[in-house]
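Please examine the sequence and the three-dimensional structure shown below.

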Amino acid sequence: MRKVFVVSLVVGAVAFGASVPASASTGKGNLFHDGAVVGTVVVPVAIPGQGIDPFYAVRNGAAGQLGIAGVAPGDGPYHGGAWQVFSVTFGPGITPYVLTSDEAVMAAQQIGDATVTRAAAADFRCPVTA
């Protein structure tokens with residue numbers, strides 16, 4: 001189940017329960033980073049509780065929402081995509097909107113539109129390629 005969850009996050013599923021075969025193998029996907037779409041190699045390796053690069057998974061986001069990488073190559077302390085997963089959930093009565101950066105996630109949290117919760121069991125490794 002953890003592989004299904006990780007693959008779903010990386011390929012930009014809107015919900016955690018997106019359907020991806022449990023036997024999914026290496027592929028390519030996309031993430032948001034600093035307002036742009038970046039590539040990733042989908043080689044989901046679970047590392048529960050060991051992630052160090054922030055990754056935001058929006059549970060109930062708007063159409064087109066991808067996972068959000070807090071860092072990428074050449075941007076601060078990037079550790080090869082050892083993702084420390086945070087679950088982002090828009091609150092009741094809030095119309096979800098696309099978040100494209102960690103700054104946007106923090107702003108949504110600060111104004112009360114979304115909650116951000118650590119999801120250590122979902123930590124995984126998956127490198128950003130561009």
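The account begins with the chain as a whole and then turns to particular residues.

This is a predicted model, in which local features need pLDDT of at least 70 and side-chain atom pairs count only at pLDDT 80 or more, while totals for chains, interfaces and linings use all residues. Residues are numbered from 1 along each chain as its sequence is written, and side-chain values use heavy atoms, with hydrogens and water left out.

Two helices and eight strands make up the elements of the chain. Helices (H or I, at least four residues) and strands (E, at least two) are DSSP runs, numbered from the N terminus. Read from the N terminus on, the order is α-β-β-β-β-β-β-α-β-β. The chain has 130 residues, of which 45% count as buried. Here buried means under 20% relative accessible area, exposed means over 50%, and partly exposed lies in between (1.4 Å probe, protein chains only). The chain exposes about 6000 Å², and carbon and sulfur atoms supply 59% of this area. Such areas come from the Shrake-Rupley method with a 1.4 Å probe; for residues, only the protein chains shown count as cover.

How do residues from separate parts of the sequence contribute to the contacts? Of the contacts in the chain with a separation of 6 or more, 74% are between residues 24 or more positions apart. A contact means heavy atoms within 4.5 Å.

The structure holds five aromatic pairs. Rings of Phe, Tyr and Trp (its six-membered ring) pair if their centres lie within 6.5 Å; planes under 30 degrees apart count as stacked, over 60 as edge-to-face and the rest as tilted. One of the pairs joins Phe-55 and Trp-83, and this pair is tilted, with 5.7 Å centre to centre and 55 degrees between the planes. It links distant parts of the chain, since Phe-55 is in strand β4 (residues 53-58) and Trp-83 is in strand β6 (residues 82-90), 28 residues apart. Phe-55 is buried, at a relative accessible area of 0%, and Trp-83 is buried as well, at 1%.

Phe-55 also pairs with Phe-124, in an edge-to-face arrangement with 5.3 Å centre to centre and 80 degrees between the planes. This pair too links distant parts of the chain, with Phe-55 in strand β4 and Phe-124 in strand β8 (residues 124-125), 69 residues apart. Phe-124 is buried, with 0% relative accessibility. Together, Phe-55, Tyr-78, Trp-83 and Phe-124 form one aromatic cluster.

Charged side chains come next. Which residues form the one salt bridge of the structure? The side chains of Asp-123 and Arg-118 meet in it, at 2.7 Å from N to O. A salt bridge is a side-chain nitrogen of Lys or Arg within 4 Å of a carboxyl oxygen of Asp or Glu. Asp-123 is buried, at 0% relative accessibility, whereas Arg-118 is partly exposed, at 32%. Arg-118 also lies over the face of Phe-86, at 5.6 Å from the ring centre. A charge sits over a ring if NZ of Lys or CZ of Arg is within 6 Å of the ring centre and within 35 degrees of the ring normal.

Helix α2 (residues 102-110) has Asp-102, Val-105 and Ala-108 as its buried residues. Seen down the axis of α2, these residues fall within an arc of 120 degrees, so they line one face of the helix. The arc is that of the directions from the helix axis to the C-beta atoms. The buried residues of α2 pack against β4, β5 (68-69), β6 and β7 (114-118). After α2 comes Gly-112, whose phi is positive, near 85 degrees.

Strand β2 (residues 36-42) contains Val-41, which is partly exposed, at 23% relative accessibility. Val-41 and Pro-127 are 86 residues apart along the chain, yet their C-alpha atoms are separated by 5.9 Å. Leaving aside neighbours within four places in sequence, Val-41 is in contact with Thr-26, Gly-27, Cys-126, Pro-127 and Thr-129.

Finally, Asp-34 is in the loop between β1 (27-33) and β2. The phi of Asp-34 is near 50 degrees, a positive value in a residue other than glycine. Asp-34 is partly exposed, with 43% relative accessibility.
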